[in-house]
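Dear colleague,

I am handing over the structure below for your reference. My notes on it follow directly after.

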Amino acid sequence: MRRRDISKPRGERGLFTAAPGRSFTLPSRYYVDPEISTLEQRRIFHSGWCYVGHVSDLQSSGTYLVESVAGQCVVLVRGDDGLIRCFYNVCQHRGHELLTGCGAVARAIVCPYHGWTYALDGALKHARFTDGMSDFDVADYSLRELRVSVCAGLLFVNLDVGATEFDVEFDGLESTFLGHLPDLSDFTAVHRYKFDIAANWKVVIDNFSEGYHIPVAHRKLSQVLDVEAANEAVIGGRFTCFKSRSLGGFEGFEIEPGEPYLSWTVWPNLCILSQPGSDNLIVFRITPNGPERCTERVDIYAPTAAAPDKLEALRSLFADNFNKEDISIVESVQRGLRSDGYDQGRYVAADTDAWYSESGVHRFHKQVLEALNAN
Ligand code: FES
Ligand SMILES: [Fe+2]
């Protein structure tokens, strides 16, 4: 009989390799080390496309939304021409923030400090008492603009002017949304949540990236999702989309068996679900907050005319059941990653197409390592 070696100190067991069924998992230090967390900010989040909301948040000209993207405060504004633009939320005079929260401005953005006034397209229109100044041209002081992309109504922003175009980076993603929810651009947010979680952001994405845990850890969800049914998968370079089927549900959430149940992961920090029983999209954005904490923002989108009882059943399944269970799971894993009794495990992925395969976790880790190691 092979005896366990109890003298071995904590340490890495082996290498992360290309074949998920043979590879060891990411070492624990990737989930606790402040230096790795700082590097992730620079190499992953600063150049990534960040989900910030939905076109319905900006319905008419002058509506705006302030958001934080990779630590930078930005504002999205719908212009007179109907276009949604994004700017750093900072006045070009002496740096006061321009807007807060969300809402609408009448015709222009007026800085609350000295009243410099910007058009909705970011151009500086008026700066008080500057007419007589030499070498001063309002044209030189427009707001600094960032790229925005709209994908089936979902809004994404990128801080990096050199980043790959959204439609190239996520080629094929939009059709997976519209194939299932053709009217997604007309949906509105019916619920929004924010959870402060005591876990590294990657633990949350890891957990979303596999169905292996569902029959064990999610009893109610297991009555809704036929987890062992064959998945139809679309695996893009930077996203995955899995289409599964529903079971009959449970009391209060009765559904037709066989309805589609979709889930997506979108690099780097977005997870999305569309549950059976009604038209809906649940979008999870996981933002790191130091190495061992993160914020999970959850937006539930539905058609404006959605039946209230169906929405309540959906909200309850999400908020009262599986999301609570998942938060408890990831916080336990984070404590475990700190333990002297663990450093690396294995991906259960001998058959990478099986419903229980953790090959999606491996794929995510491979992309994290590639981003961290890039020049
Ligand atoms: S800082 Fe905005 S007008 Fe002075
Ligand atoms: Fe889960």
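Helices (H or I, at least four residues) and strands (E, at least two) are DSSP runs, numbered from the N terminus. This is a predicted model, in which local features need pLDDT of at least 70, side-chain atom pairs count only at pLDDT 80 or more, and totals for chains, interfaces and linings use all residues. Residues are numbered from 1 along each chain as its sequence is written, chains are lettered from A and ligands numbered from 1 in the order in which they are written, and side-chain values use heavy atoms, with hydrogens and water left out.

A70 sits in the loop between β2 (63–69) and β3 (72–78), and its phi is near 50°, a positive value in a residue other than glycine. A70 is partly exposed, at a relative accessible area of 24%; here buried means under 20% relative accessible area, exposed over 50%, and partly exposed in between (1.4 Å probe, protein chains only). D135, also not a glycine, has a positive phi of about 55°. D135 lies in the loop between β8 (124–126) and β9 (145–151) and is exposed, with a relative accessible area of 79%.

A cis peptide bond, with omega about -5°, joins W267 and P268. P268 belongs to the loop between β16 (260–266) and β17 (270–274).

H213, in the loop between α4 (201–208) and α5 (214–217), and D326, in helix α7 (residues 308–337), are 113 residues apart, so the pair links distant parts of the chain. H213 is buried at 14% relative accessible area, and D326 is buried at 8%.

Helix α1 (residues 34–45) has 12 residues. Within α1, I36, S37, E40, I44 and F45 are buried. These residues cover an arc of only 105° around the axis (taken from the directions from the helix axis to the C-beta atoms), which puts them on the same side of α1. On the other side, P34, E35 and R42 are exposed.

Yours sincerely

Definitions and conventions: The expected span of a helix is 1.5 Å times one less than its number of residues.
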